[in-house]
Amino acid sequence: MSASQVPPVTAIGTPRITAGFDEYGRLDLLAHQEVHGGFAALSSGELIGLADRIELRGRGGAGFPFARKVRAVLDSCRRQELPPVIVVNATEGEPPSWKDKAVLTRAPHLILDGAALAAAALDAEEIVIGIADDGIGQSSITAALAERRMPCPTRIVTVPHRFISGEGGALVRGINGEAHIPPGRKVRSSDNGVMGLPTLLSNAETYSQLAIAARLGPWEYNAVGIPEEPGTVMLTVGGSASNPAVVEAPTGTPLMDVLNMCGADIGPGLLVGGYHGKWITAEAAQTVTISRKGFAGVGGTLGAGMLIPIGSKTCPLGEVSQVVQYLAGESAGQCGPCRLGLPDLARAVTLVSLGGNAVENVRQAAGVVKGRGACSHPDGTARFALSALEVFAKDVEAHTNGEGCGKNVRGILPLPYTAEQGARRLAVDWSRCDGHGLCSAVAPEIIRLDANGFPAFPQTPLPPWLENGARKAVNVCPALALRLTEAGSK
């Protein structure tokens with residue numbers, strides 16, 4: 001992978017984080033200083049005051065107030081008489097998201113400015129920048145560090161490019177040399193984080209927004225956007241958009257302005273907030289303005305700023321099915337709701353997509369995992385699946401009554417499975433298949449029979465936990481028609 005894979009970046013209104021992108025492409029230190037200018041150091045009290053006055057919240061998904069994080073770290077430092085560590089979460093392991101990688105590859109000094117501000121204000125022991133091992137942004141942030149002096153030792157740590165690796169607790173564990181999975185119990189990084197020290201952890205865009213605010217001051221920063229959520233947000237627009245892009249937009253911008261600019265065909269629904277987010281209807285999308293409050297008003301969530309329209313030519317249930325399969329495979333496997341419950345949920349969603357009357361099975365499986373996981377992964381996956389049933393109710397009915405929606409699965413919802421990673425999928429040699437039906441009896445969670453008695457299954461890569469069932473189905477086929485192939489082959 002390379003920086004060239006990052007989608008084009010654009011802005012609505014006057015750019016802030018993305019300032020200079022059109023002129024310079026990537027901003028080295030000289031270009032960065034020319035575009036953004038300098039800034040003054042802040043005390044811990046001034047840092048908290050600035051974050052409070054601009055209502056700065058984490059941009060990684062949870063939206064936790066940044067000032068509260070700083071206060072918690074300071075309290076812990078005083079109580080334990082220990083210095084803090086500053087952690088920048090630039091891992092961005094969710095497949096549809098590109099906004100942090102866009103900043104990492106093109107404006108790395110903004111991220112470093114924000115981290116340096118926090119480190120100097122808190123007299124930090126160290127700054128750690130967590131990035132994914134996909135290679136995107138690593139050379140950019142490494143070069144940026146070589147161009148400047150930081151207020152304390154600064155290092156880069158790479159973590160596996162997996163969905164759960166960017167969870168805060170998983171990142172801290174990875175930095176500490178442990179498994180890159182959530183800790184399985186509630187651990188406050190502000191009390192016990194990197195090397196056991198109080199740790200201030202936030203994502204790359206959050207530190208970049210802090211750097212912008214330190215230059216502009218609260219009054220000028222708050223002059224853009226809505227009063228309760230001032231400033232701009234970074235958004236990733238993908239899915240059916242004919243011009244996918246990373247967009248910087250002021251809060252309060254109508255959602256349709258962003259989608260229309262990217263040539264998005266919404267179709268029956270739009271995923272907001274990513275794979276732990278929610279689906280909203282096309283009708284609801286017409287009324288939303290870009291903000292946490294705006295999305296919450298239609299039952300959605302801003303999350304980490306992902307906007308993924310499904311489009312009118314795509315089978316939404318097939319797309320949802322393969323994502324739930326992926327999320328089940330991304331489980332840390334350390335608790336029952338993830339290890340057992342998510343595969344059950346994925347099987348139920350897959351059966352619905354194949355025409356089975358399994359809607360209640362989806363609801364039951366989602367109910368079993370909600371609120372019971374060692375981390376938020378089961379809850380987020382259940383939320384994604386349940387909101388899909390609501391928004392795509394007409395498609396569910398069409399699939400269930402045997403007619404189907406008549407649309408194909410097109411990979412509108414991106415997944416990281418590749419042939420190089422060893423992912424496999426089922427294929428049929430139709431010149432051999434006689435419709436014996438044994439495969440569906442052996443692996444009903446993957447294969448069902450169509451109206452003519454022939455096997456039907458999603459044309460998507462198999463998650464690891466379904467491969468054994470698929471192999472059994474291949475082995476019992478008397479006509480040798482069913483086979484497993486590399487995910488990238490035809």
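Helix 3 passes helix 4 in a left-handed crossing. The model is predicted.

**Helix 3 and helix 4**
- Helix 3 spans residues 44-53 and helix 4 spans residues 66-80; their axes lie 8 Å apart and form an angle of about 155 degrees.
- Angles over 145 degrees count as roughly antiparallel, and helix 3 and helix 4 are therefore roughly antiparallel to each other.
- On the helix 3 side, the contact is made by Ser44, Leu47, Ile48, Ala51 and Asp52.
- On the helix 4 side, Phe66, Ala67, Val70, Arg71 and Leu74 take part.
- By class, the residues of this contact are 7 nonpolar, 1 polar and 2 charged.

**Helix 6 and helix 7**
- Helix 6 (residues 108-122) packs against helix 7 (residues 138-146) at an angle of about 60 degrees, and the axes are 9 Å apart.
- The two helices are therefore oblique to each other.
- The crossing of helix 6 past helix 7 is right-handed.
- Helix 6 contributes Pro108, His109 and Leu112 to the contact, while helix 7 contributes Ser140, Ile141, Ala144 and Leu145.
- This contact has 5 nonpolar and 2 polar residues, with no charged residues.

**Helix 15**
- Helix 15 covers residues 359-369, and its buried residues are Val359, Val362, Ala365, Ala366 and Val369.
- Viewed down the axis of helix 15, these buried residues fall within an arc of 125 degrees, so they line one face of the helix.
- Just after helix 15, Gly371 has a positive phi of about 75 degrees.

Definitions and conventions:
Residues are numbered from 1 along each chain as its sequence is written. This is a predicted model: local features need pLDDT of at least 70, side-chain atom pairs count only at pLDDT 80 or more; totals for chains, interfaces and linings use all residues. Side-chain values use heavy atoms; hydrogens and water are left out. Buried means under 20% relative accessible area, exposed over 50%, partly exposed in between (1.4 Å probe, protein chains only). Helices (H or I, at least four residues) and strands (E, at least two) are DSSP runs, numbered from the N terminus. The arc is that of the directions from the helix axis to the C-beta atoms. Axes are lines fitted to C-alpha atoms, for helices over the stretch in contact, and angles run from 0 to 180 degrees between N-to-C directions. Angles under 35 degrees count as roughly parallel, over 145 as roughly antiparallel, 65 to 115 as roughly perpendicular and the rest as oblique. A crossing is left-handed if the near helix is turned anticlockwise from the far one by less than a right angle, and right-handed if clockwise. Contact means heavy atoms within 4.5 Å. Ala, Val, Leu, Ile, Met, Phe, Trp, Tyr, Cys and Pro count as nonpolar, Asp, Glu, Lys and Arg as charged, and the others, Gly among them, as polar.
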